Amino acid sequence: MMAAQTELTEADLRSIQRFQEEVQKAAASTKKDMELRADFRIQIWFRSTRSRTRPIQYSLSFWSSGKRLHGGGDEKMFVCFRNRGAPKIKPFEVAARRGGSFTAEPSERGCGGIIDGSLVLPDNTHICPHCSTRHKAEHLGDVVFYATSARKCATVLAHWWTKFKGNADLYAKYSSTDIRYQTALGTQGILAARASKGAVIYPLKNIMKDTSAGKDIVQAFEDFILA
Ligand SMILES: [Zn+2]
């Protein structure tokens with residue numbers, strides 16, 4: 001487990017823009033935009049009640065979709081960022097970068113990139129595909145915690161969504177005090193509600209539909225957060 005802050009940079013916004021243009025081009029040529037399926041899932045779990053005005057506590061985790069793994073279940077992904085208490089990165093832990101397509105420089109704890117959980121080596125280490133740092137599995141986090149405003153939460157989601165080049169669904173779970181959870185209690189019963197936590201999915205095809213209608217991505221995510 002870890003805590004981190006992310007800012008949506010100009011480069012992120014350009015990347016979102018590029019992705020939307022690509023998708024719209026593809027949709028126009030194939031007319032199959034409604035069949036668009038994402039390869040990844042960003043899961044947000046609200047740990048407090050959602051609010052327009054007060055900070056919200058939430059955690060994020062990242063999953064690769066089962067369809068990429070020949071019909072297996074979804075696989076949790078790691079984040080290139082060492083846990084609190086894990087040793088700082090030493091120079092010898094950054095593998096040779098020759099010949100790779102490495103794009104990030106690690107800080108003393110990592111570069112913040114996503115590492116596919118299936119990229120585990122026989123000695124139970126992971127090499128980050130972005131910065132080439134080698135990590136022991138137990139030093140890496142797979143959950144990121146935040147406490148921010150709803151607006152900032154939307155930019156954090158957009159930042160991570162951009163890291164997946166827009167190829168991700170959003171999936172939300174809610175705290176037991178949340179109206180979504182309370183509704184699930186009423187309609188599903190206590191065991192199912194406890195398991196689902198009132199889960200709601202915002203599939204990529206709906207994200208694209210909303211943003212192609214002119215809504216910007218941060219606004220679309222803020223609306224999802226507060227819905
Ligand atoms: Zn990295």
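Predicted model: local features only at pLDDT ≥ 70, side-chain atom pairs only at ≥ 80, totals over all residues.

Reader: Which way do the side chains of β5 point?

Author: In a regular strand, side chains alternate between the two faces of the sheet. Here Phe78, Cys80 and Arg82 point one way from β5, and Val79 and Phe81 the other way. Strands are DSSP runs of E, at least two residues; helices are runs of H or I, at least four; both are numbered from the N terminus.

Reader: Is β5 mostly covered or exposed?

Author: Mostly covered: five of its five residues (78-82) are buried. Buried means 20 or more other C-beta atoms within 10 Å of the residue's own, exposed means 12 or fewer, and partly exposed lies in between; C-beta atoms are placed from the backbone.

Reader: What does β5 pair with?

Author: Pairing needs at least two DSSP bridges between two strands. β5 runs antiparallel to β6 (114-115), with two bridges. Two bridges also link β5 to β9 (140-141), again antiparallel. Val79 has Ile114 as its partner in β6 and faces Gly141 in β9.

Reader: How many residues of helix α6 are buried?

Author: Seven of 10, in residues 217-226. Among them are Phe221, Phe224 and Ile225.

Reader: Where is Lys165, and where is Lys197?

Author: Lys165 sits in the loop between α2 and β11. Its phi is near 55 degrees, positive in a residue other than glycine. Lys197 is in the loop between α4 and β12, with a positive phi of about 50 degrees.

Definitions and conventions: Residues numbered from 1 in each chain as written.
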